[in-house]
Amino acid sequence: MFISYARRLATCVALVVSFTQAASAADILIADAKSQPESLTVAPGGVLIVGSASSPFVYRVRSGSSTAEKFIDASAEGPGTFFFGMLADAASNTLWTCQLTPVPNTKPVQKHTALRGFDLSTGAPKIRWNLPGDDSTCNDFSIGPDKALYITDTANGRIYRLPAGASTAELYLEHRTLMGVDGITFLNGTLYVNNVTFSKLYRIPVDAAGKPGTPVDIWMDQPVKAPDGMRAVNGKLYVAENGGGKILALTVNGDKASVTVLKEGLKTPTGIEPAGDTLWFTERAVGKAESIPMPQ
């Protein structure tokens with residue numbers, strides 16, 4: 001979820017939606033060449049929530065609806081505000097988002113970013129935590145076995161941890177190999193992250209006291225160019241391969257991972273979300289959110 005700043009600051013346009021009452025896998029949900037949907041998540045009831053990397057809005061498409069409605073409006077936050085990660089946390093009725101706002105008159109462009117929590121039903125603001133530093137990139141997050149929220153900061157090579165019920169996150173891990181960290185998820189209780197800049201996959205080891213150690217490089221059996229959004233389900237990692245235009249399934253065995261291509265020929269896939277028998281993903285460069293059947 002990390003490509004050129006110029007494209008992130010593209011002029012906001014309305015989303016154009018194609019959705020049917022009985023939408024099936026492979027249907028195009030959002031089709032607007034300039035909407036730049038970056039990340040997406042599925043809320044209870046099959047509600048799809050999609051963030052925009054070219055506008056200060058988060059959109060919602062209700063199950064059975066034919067239109068995408070504005071769910072979150074952050075236009076008051078400053079010019080160029082946009083969104084990255086999206087995660088529906090049904091247990092706390094919270095939509096977690098990464099909000100990014102460029103700092104005026106900075107070259108190269110710097111960003112102030114914030115973890116935002118909104119009521120999953122109404123969109124009302126609940127929590128805001130500003131990431132430390134003059135330039136940061138709140139990118140994506142995952143809920144751990146401890147119910148805490150783990151957050152990636154791409155620009156600074158950091159992972160933060162927000163304990164359940166807390167309003168302020170703490171630094172969990174900072175390491176040079178994490179410069180470019182993007183997707184993050186837990187697979188069978190173990191934390192995995194990828195690096196969109198250096199095309200890497202890492203496991204984060206944890207000692208008996210719960211302290212994270214040096215990221216362990218996971219060797220993938222075929223090249224994966226710029227892995228981006230990443231989620232885990234059914235014993236596998238699912239990855240949007242940003243630079244290769246593919247949707248992947250990774251089977252991890254120790255320090256190795258076998259890669260299966262589920263779909264290819266895409267233009268900048270960035271977000272991914274398993275939901276029941278469907279695997280949703282965003283195709284940012286052409287403004288689409290799409291789905292394929294979940295592999296068996």
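**View 1. The fold in outline: one helix and 25 strands make up the secondary structure of this protein.** Helices (H or I, at least four residues) and strands (E, at least two) are DSSP runs, numbered from the N terminus. This is a predicted model, where local features need pLDDT of at least 70, side-chain atom pairs count only at pLDDT 80 or more, and totals for chains, interfaces and linings use all residues. Residues are numbered from 1 along each chain as its sequence is written, and side-chain values use heavy atoms, with hydrogens and water left out.

View 2. Buried here means under 20% relative accessible area, exposed over 50%, and partly exposed in between (1.4 Å probe, protein chains only). The protein has an accessible surface of about 12100 Å², and carbon and sulfur atoms account for 52% of that. These areas come from the Shrake-Rupley method with a 1.4 Å probe; for residues, only the protein chains shown count as cover.

**View 3. Contacts along the chain: 47% of the contacts between residues at least 6 apart in sequence join residues at least 24 apart.** A contact is a pair with heavy atoms within 4.5 Å.

**View 4. The disulfide: Cys98 is joined to Cys138, with an S to S distance of 2.1 Å.** A search of the whole structure turns up one such link, defined as a pair of cysteine sulfur atoms within 2.5 Å. Cys98 sits in strand E7 (residues 94-102) and Cys138 in strand E10 (residues 138-143), so the bond ties together parts that are 40 residues apart in sequence. The link of Cys98 and Cys138 is left-handed, with -60° about the S-S bond.

**View 5. Around the two cysteines: Cys98 is buried, at a relative accessible area of 0%.**
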